[in-house]
Amino acid sequence: MHTHEFVLQARIDVETLDHWLRAGWLMPRENAGDGGFSQVDVARAQLIGDLQDLGINDEGIPVILDLVDQVHGLRNMLREVLTTINTEQRARP
Amino acid sequence: MAADPYTVLGVKKGASQDDIQKAYRRLAKKLHPDLNPGNKKAEEQFKDVSAAYDLLGDTEKRARFDRGEIDASGAERPRHRYYRDFSEANPYTSDAGFEDFADAEDILSQIFGGRAGRAGRGNLRMRGSDVHYRLSLDFIDAVNGGKQHITLPDGSVLDVDIPPGIRDGQILRLRGKGQPGIGGGSPGDALVEIEVRPHRIFTRKGDDIHVEVPISLSEAVLGGKIKVPTPSGPVTMTVPKWSNTGTVLRLKGKGVPRAGGGHGDEFVALKIMLPEKPDPELEKFVAQWRGAYSPRQAMEV
């Protein structure tokens, strides 16, 4: 989605967006051609907003984002491991 | 939701705004769905807590609620999906969490067959950081603009286009001239802070140039054409007859170029100068001159 649509959905202003892009907190797909924002970015932007409401400062936000992303990666991996084990067990006599 | 927002946040009716914010933060930190990706219950509770805070965190809404003008329902903030809802198709997701599982690599690759070395591993993409420089300019170079360059510590040279009329303290942003990005991320910017050195004779006020130009006694009394300096080179100017020290003449358009086109003006302040060495002829001539004029009348002396 385009930048103007993104800032509407994420409820932030363009300056804030610029700041977040510079800080690397949001990374729209560069080759998407239309600004590159997706619903994932909207949800991530709202998470950043919530974190700021919680009193997390600019130094803390990237730390939390990184850890949240790692937790997601680990959960995905764990889910795949469990699914695989489950399938193998069922395949056995 | 219809529960009493004070109960939801666990604060007394008379709690201060500060206490309400503290209570919200304490609960939200524990309940935010994105900080509890596996906890389904957290989402429901977080919704109640944030709805309660929407109501009580805003002094105006809180006052209306206390007066009974609005109730706790309908205070829910419409919300898109949470970040955690995307965790399976999320390009930000990082697999860095098990990079130290060197031994597990074999097991994982057995489990996943040909899909070992999963996509996403190590694909950290970050924009490069910005780099700050200072560039000191001659007064005239700042007024007229042009190309300048900065030699960087590593010996490379950064070309900087100075727009005409740049001011002291202004910062130029050179897109993409900062540190390179990581993993295909875009490079940072170079931020160049401009320092303008003062000039020997010109001073600048906004887009106008001010300069003091000495004239001789005869030029002051009789008038005439004189050459005056401007930032873009000397120009000829007419001094009207009977010009005094302190007379200010304007040279239209000889000031600093403006960003939107056009120029400021140059203001020339005249100052009568007597010859440096005493001139007997002039002394003799002035001695014969008997003027009744007293320039100090206004001072009452």
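The model is predicted, so please read every value here as computed from it. Helix α3(A) is largely enclosed by the rest of the structure, because 11 of its 15 residues are buried. Chains A and B bury about 3800 Å² between them.

**Helix α3 of chain A**

- This helix covers residues 39-53 and spans 21 Å from first to last C-alpha, close to the 21 Å expected at 1.5 Å a residue.
- Its buried residues include A:V40, A:V42, A:L47, A:I48 and A:L51, and A:D41, A:R44 and A:D50 are also among them.
- Within chain A, the buried residues pack against α1 (3-10), α2 (14-23) and α4 (60-91), and they also pack against α3 (40-56) of chain B.
- Just after the helix, A:G55 has a positive phi of about 90°.

**The interface of chains A and B**

- Chain A brings 39 residues to the contact and chain B brings 44.
- A:R22, A:L54 and A:M77 supply 19% of the area that chain A buries against chain B, more than any other three residues.
- Carbon and sulfur atoms give 57% of the area buried between the two chains.

**Polar links and make-up**

- The interface holds 1 salt bridge, in which the side chains of A:R22 and B:D189 meet at 3.2 Å, N to O.
- There are also 8 residue pairs in polar contact across the interface.
- On the side of chain A that touches chain B, α2, α3 and α4 each supply at least two residues, and α4(A) gives the most, with 15.
- That side of chain A divides into 17 nonpolar, 10 polar and 12 charged residues.

Key. Residues are numbered from 1 along each chain as its sequence is written. Chains are lettered from A and ligands numbered from 1 in the order in which they are written. This is a predicted model: local features need pLDDT of at least 70, side-chain atom pairs count only at pLDDT 80 or more; totals for chains, interfaces and linings use all residues. Side-chain values use heavy atoms; hydrogens and water are left out. Helices (H or I, at least four residues) and strands (E, at least two) are DSSP runs, numbered from the N terminus. The expected span of a helix is 1.5 Å times one less than its number of residues. Buried means under 20% relative accessible area, exposed over 50%, partly exposed in between (1.4 Å probe, protein chains only). Contact means heavy atoms within 4.5 Å. Buried area is the accessible area (1.4 Å probe) that two parts lose on being put together, summed over both. A salt bridge is a side-chain nitrogen of Lys or Arg within 4 Å of a carboxyl oxygen of Asp or Glu. A polar contact is a pair of N or O atoms within 3.5 Å; within protein, one must be able to donate a hydrogen and the other to accept it, and residues adjacent in sequence count only if both atoms are side-chain atoms. Ala, Val, Leu, Ile, Met, Phe, Trp, Tyr, Cys and Pro count as nonpolar, Asp, Glu, Lys and Arg as charged, and the others, Gly among them, as polar.
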